[in-house]
Amino acid sequence: MAIQLDIVETPDKVAQKAASLVADFIQAKPNAVLGLATGSTPVPTYRRLVQMHHKNGLSLAHITTFNLDEYVGLPESHGQSYRFFMDQNLFQHIDIPPEQTHVPNGLAPDPDQECKAFESKIQSAGGVDLWLLGIGHNGHIAFNEPGSSSDSRTRLINIAPETITANSRFFDHLSQVPRQALTVGIATILEARKILLLATGKDKALAVSKAVNGPISANWPASALQHHPDCTFILDQEAASLMTFTNST
Ligand code: F6R
């Protein structure tokens, strides 16, 4: 199954496209279940959704959200927890009731139980309609680091050294970056009815090309998205710069 590609000029156009697709999706299905990502890439998309809420009357009051992942050991109030990120960048600025937002609890005393409960909540909500993803330099999606199998479910994972280094830009020191996370699995992501992956910048070009053109391999976890029947990558030109094109892509 080929991943569909939507290549635009700039990161700003990626955000514009992604936000309008998400807004159209919510308008068509006001009680949509959305899967969400943190990281730098979706921030401008969230900013646009907030603007659409304030200026164009887009209501997100009836959606339910599930986030991909959370650091183990950080309380929700920590400035780098993914719950904090989502509250700051999206939830606080829209009309979604907090109880309709779900981020794994990185302080859960029993992480395995927390992961099972997270999967159950997704099932009880009827499954994810649309999952918004980013991609790591090593091809990870959520915290499914290289080696993660395509039948993986929500679980505790050791964060790869290269991801710890990449994410240290948000912390004062490398040593402060948590070493573990709770992450949804690749199988969990593949069950979403629609997937939109956003990538911008030259530093994502290799991971994007391996995901789109490479063989499906646990070495490049995002390549598992080739299994999905409705997956689109929205890319800027730099992120698309190492792909090879065939008639089918
Ligand atoms: C975030 C997540 C990660 C990021 C990826 C890219 O919830 O699960 O997979 O999408 O690390 O991060 P940025 O966008 O910061 O380059």
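A polar contact is a pair of N or O atoms within 3.5 Å; within protein, one must be able to donate a hydrogen and the other to accept it, and residues adjacent in sequence count only if both atoms are side-chain atoms. The structure is a predicted model, in which local features need pLDDT of at least 70, side-chain atom pairs count only at pLDDT 80 or more, and totals for chains, interfaces and linings use all residues. Residues are numbered from 1 along each chain as its sequence is written, and side-chain values use heavy atoms, with hydrogens and water left out.

In the side chain of Thr38, an N or O atom lies 2.8 Å from an oxygen atom of the ligand. For the side chain of Thr41, the corresponding distance from a ligand oxygen to an N or O atom is 2.5 Å. Ala142 contributes through its backbone: one of its polar backbone atoms is 2.8 Å from a ligand oxygen. The ligand taken alone exposes 410 Å², and the protein buries 93% of that (Shrake-Rupley method, 1.4 Å probe; for residues, only the protein chains shown count as cover).

The ligand is surrounded by 14 residues (a residue is near a molecule or strand if one of its heavy atoms lies within 4 Å of it). The closest are Ser40, Thr41, Asp69, His140 and Lys204. This shell comprises 4 nonpolar, 7 polar and 3 charged residues (Ala, Val, Leu, Ile, Met, Phe, Trp, Tyr, Cys and Pro count as nonpolar; Asp, Glu, Lys and Arg as charged; the others, Gly among them, as polar).

Ala142 was then placed in the fold. It is found in the loop between strand S6 (130–133) and strand S7 (155–158) (helices, H or I, at least four residues, and strands, E, at least two, are DSSP runs numbered from the N terminus). Ala142 is buried, with a relative accessible area of 8% (buried means under 20%, exposed over 50%, partly exposed in between; 1.4 Å probe, protein chains only).

Two other loop residues were examined. Ser223 lies between helix H7 (205–213) and strand S10 (231–236). Ser223 is buried, at 0% relative accessible area. A polar atom of its side chain is 2.9 Å from the backbone nitrogen of Ser217. Asn105 occupies the loop between strand S5 (101–102) and helix H4 (111–124). With a relative accessible area of 34%, Asn105 is partly exposed.
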